[in-house]
Structures are given as structure tokens and as C-alpha cells.
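Trainee: I would like to learn how to read a model like this one, feature by feature. Could you walk me through it?

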Amino acid sequence: MRRNSQSRAVTEAHNLFKQTATKPATDYEKADQAFHANRERLKAERLAREAERQSPSEKMS
């Protein structure tokens, strides 16, 4: 009998976690994700530009 109650508790816990995982993102979360993605893109572009500007002697060091 104890085994059934544990499995029921585990099933309930899994159901709770599934609900939070499938919950749609809020407007704030979407905006935050877009901001961070844009920041990473701009950072990559900046690093690429700086690498292009680097002289050949600096690249070898």
C-alpha cells in the first residue's frame, strides 16, 4: 500500500512539472529572451569586426 501512495505522489509531482514546462512564456520573458539574443548577436559581430581590424603581427602573438 505504501508503494502505491509513493507512485501516486511521484505521478502528481510529474504532472505539476509538466504543467510549468508547457506554460507559455509571458511578454516579459519573451522580451528578455529577445534582448539577450540580440546582445549576443551584437557581441559576436563586434568581436568579428575587431578581429578583422587586428594587424597580422598582433594575430601571431
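Mentor: Gladly. Let us begin with a pair of side chains: Glu45 and Arg41 meet in a salt bridge, 3.0 Å from N to O. This is a predicted model, in which local features need pLDDT of at least 70 and side-chain atom pairs count only at pLDDT 80 or more, while totals for chains, interfaces and linings use all residues. Residues are numbered from 1 along each chain as its sequence is written, and side-chain values use heavy atoms, with hydrogens and water left out.

Trainee: What makes a pair a salt bridge, and how many does the count come to here?

Mentor: The general idea is that side chains of opposite charge can pair when their charged atoms come close. The rule asks for a side-chain nitrogen of Lys or Arg within 4 Å of a carboxyl oxygen of Asp or Glu. By this rule there are three salt bridges. Besides Glu45 and Arg41, Glu50 pairs with Arg46 at 3.4 Å, N to O, and Arg39 pairs with Glu40 at 3.7 Å, N to O.

Trainee: How far apart in helix H2 are Glu45 and Arg41?

Mentor: Glu45 and Arg41 are four residues apart in helix H2, about one turn of the helix. Glu50 and Arg46 also lie in helix H2, four residues apart, about one turn. Helices here are DSSP runs of H or I with at least four residues, strands are runs of E with at least two, and both are numbered from the N terminus.

Trainee: Which elements does the whole chain have, then?

Mentor: The chain has three helices and zero strands, so that the order from the N terminus is α-α-α.

Trainee: How much of the chain is buried?

Mentor: Burial is read from relative accessible area: buried is under 20%, exposed is over 50%, and partly exposed is in between (1.4 Å probe, protein chains only). Of the 61 residues, 0% count as buried.

Trainee: What does the side chain of Thr11 reach?

Mentor: This one is a polar contact, a pair of N or O atoms within 3.5 Å; within protein, one must be able to donate a hydrogen and the other to accept it, and residues adjacent in sequence count only if both atoms are side-chain atoms. The side chain of Thr11 reaches the backbone oxygen of Ser7 at 2.8 Å. Thr11 sits in helix H1 (residues 2-22) and is partly exposed at 44% relative accessibility.

Trainee: Where is confidence lowest, and where is it highest?

Mentor: Look at pLDDT, the predictor's confidence in each residue, from 0 to 100. Confidence is lowest in helix H3 (residues 56-60), with a mean of 62, and highest in helix H2 (residues 27-53), at 95. Over the chain the mean is 82, and 72% of residues reach 70 or more.
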